[in-house]
Amino acid sequence: MPLNDILTVYPLAFVVIAAVVGLLVGSFLNVVIWRLPKMLEREWRLQAHDILGLPEETPLPTYNLLLPHSQCPRCSHRIRAWENIPVLSYAFLRGRCSSCKTPISKRYPLTELACGLLSAFIAWHFGFGWPACMALVLTWGLVAMSLIDAEHQLLPDVLVLPLMWLGLIANSFGLFVPLQEALWGAIAGYTALWSVFWLFKLVTGKDGMGHGDFKLLAMLGAWGGWQILPLTILLASLVGAVIGVILLRMRNAKTSTPLPFGPYLAIAGWIALLWGGQITDFYWQFVGLK
């Protein structure tokens with residue numbers, strides 16, 4: 001029996017495979033989350049250096065998602081293959097470098113575990129097929145963007161824009177919504193937050209959010225269509241307000257301290273893509289309008 005038929009007839013097999021692949025992808029996303037901001041910073045410095053016409057600097061060593069090989073940031077111990085098994089290696093090493101015993105951040109196994117669980121859920125929710133495959137790619141991208149934004153307040157175009165185009169391509173085949181709704185979702189998503197940004201700036205003279213948030217909402221609209229945008233913005237605002245207040249109090253920070261909005265948009269958009277119709281129907285029934 002071909003593999004496609006096996007995964008269709010036995011959905012649990014697809015869920016297990018998706019979970020394993022998700023764990024492996026989560027391990028790679030840890031590299032992306034750590035290195036991509038540094039790679040972009042180096043690129044921006046080189047561009048600024050060229051624009052300003054400054055003398056050439058000594059070439060920097062190669063630094064990308066593949067090289068140099070992963071190593072301990074303290075003792076430079078090269079991470080061996082058996083030390084890089086998702087979740088299991090962290091448990092076996094008891095959360096410490098095998099060489100210098102420096103504690104390893106819990107973010108690494110948690111990211112791997114989250115990717116594995118989310119991937120398994122996507123496989124269960126959609127079943128084997130193109131919608132599940134595309135939703136997996138979107139989910140992994142949202143995880144990477146959320147963690148980068150949470151740590152650096154940066155939503156890299158190199159992640160957001162390709163995913164926006166992928167959403168439009170997927171919906172050109174009608175995988176989630178018709179292409180016309182996806183196109184207007186991208187337009188409306190960007191325009192909505194762009195308008196809020198400039199209204200806030202005109203009233204207060206300050207930037208209320210980053211431009212990356214416009215692009216992220218446009219990307220979510222390209223996947224789920226314009227219909228998911230109101231729910232996405234509402235959920236993101238509610239969750240962001242609650243968690244933002246909690247984080248500010250935990251850090252004893254001022255209310256003017258900037259907080260990333262991207263993770264809340266990503267979570268809300270993911271929820272709206274999967275259950276937007278059901279949530280909206282429930283709301284209208286709850287208020288007695290349906």
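This is a predicted model: local features need pLDDT of at least 70, side-chain atom pairs count only at pLDDT 80 or more; totals for chains, interfaces and linings use all residues.
Visitor: Where is His 152 placed?
Guide: His 152 lies in helix α5, which covers residues 130-152.

Visitor: Which residues is His 152 in contact with, leaving aside neighbours within four places in sequence?
Guide: His 152 is then in contact with Ile 33 and Pro 37. Pro 37 and His 152 are 115 residues apart in sequence, and their C-alpha atoms are 7.7 Å apart in space.

Visitor: Turning to Ser 89, where is that residue placed?
Guide: Ser 89 belongs to helix α3, residues 88-92.

Visitor: Is Ser 89 buried or exposed?
Guide: Ser 89 has a relative accessible area of 5% and is therefore buried, the limit being under 20%. Not counting residues up to four places away in sequence, Ser 89 touches Trp 82, Glu 83 and Asn 84.

Visitor: Now the helices: how do the axes of α7 and α8 cross?
Guide: The axes of helix α7 (residues 179-204) and helix α8 (residues 211-224) come within 7 Å and cross at roughly 155°. Helix α7 is therefore roughly antiparallel to α8, as angles over 145 degrees count as such. The crossing of the two helices is right-handed.

Visitor: Which residues make the contact?
Guide: Among them are Gly 185, Leu 193 and Trp 194 of α7, with Phe 214, Leu 217 and Ala 218 of α8. By class, this contact of α7 with α8 has ten nonpolar, four polar and three charged residues.

Methods: Residues are numbered from 1 along each chain as its sequence is written. Side-chain values use heavy atoms; hydrogens and water are left out. Helices (H or I, at least four residues) and strands (E, at least two) are DSSP runs, numbered from the N terminus. Contact means heavy atoms within 4.5 Å. Buried means under 20% relative accessible area, exposed over 50%, partly exposed in between (1.4 Å probe, protein chains only). Axes are lines fitted to C-alpha atoms, for helices over the stretch in contact, and angles run from 0 to 180 degrees between N-to-C directions. Angles under 35 degrees count as roughly parallel, over 145 as roughly antiparallel, 65 to 115 as roughly perpendicular and the rest as oblique. A crossing is left-handed if the near helix is turned anticlockwise from the far one by less than a right angle, and right-handed if clockwise. Ala, Val, Leu, Ile, Met, Phe, Trp, Tyr, Cys and Pro count as nonpolar, Asp, Glu, Lys and Arg as charged, and the others, Gly among them, as polar.
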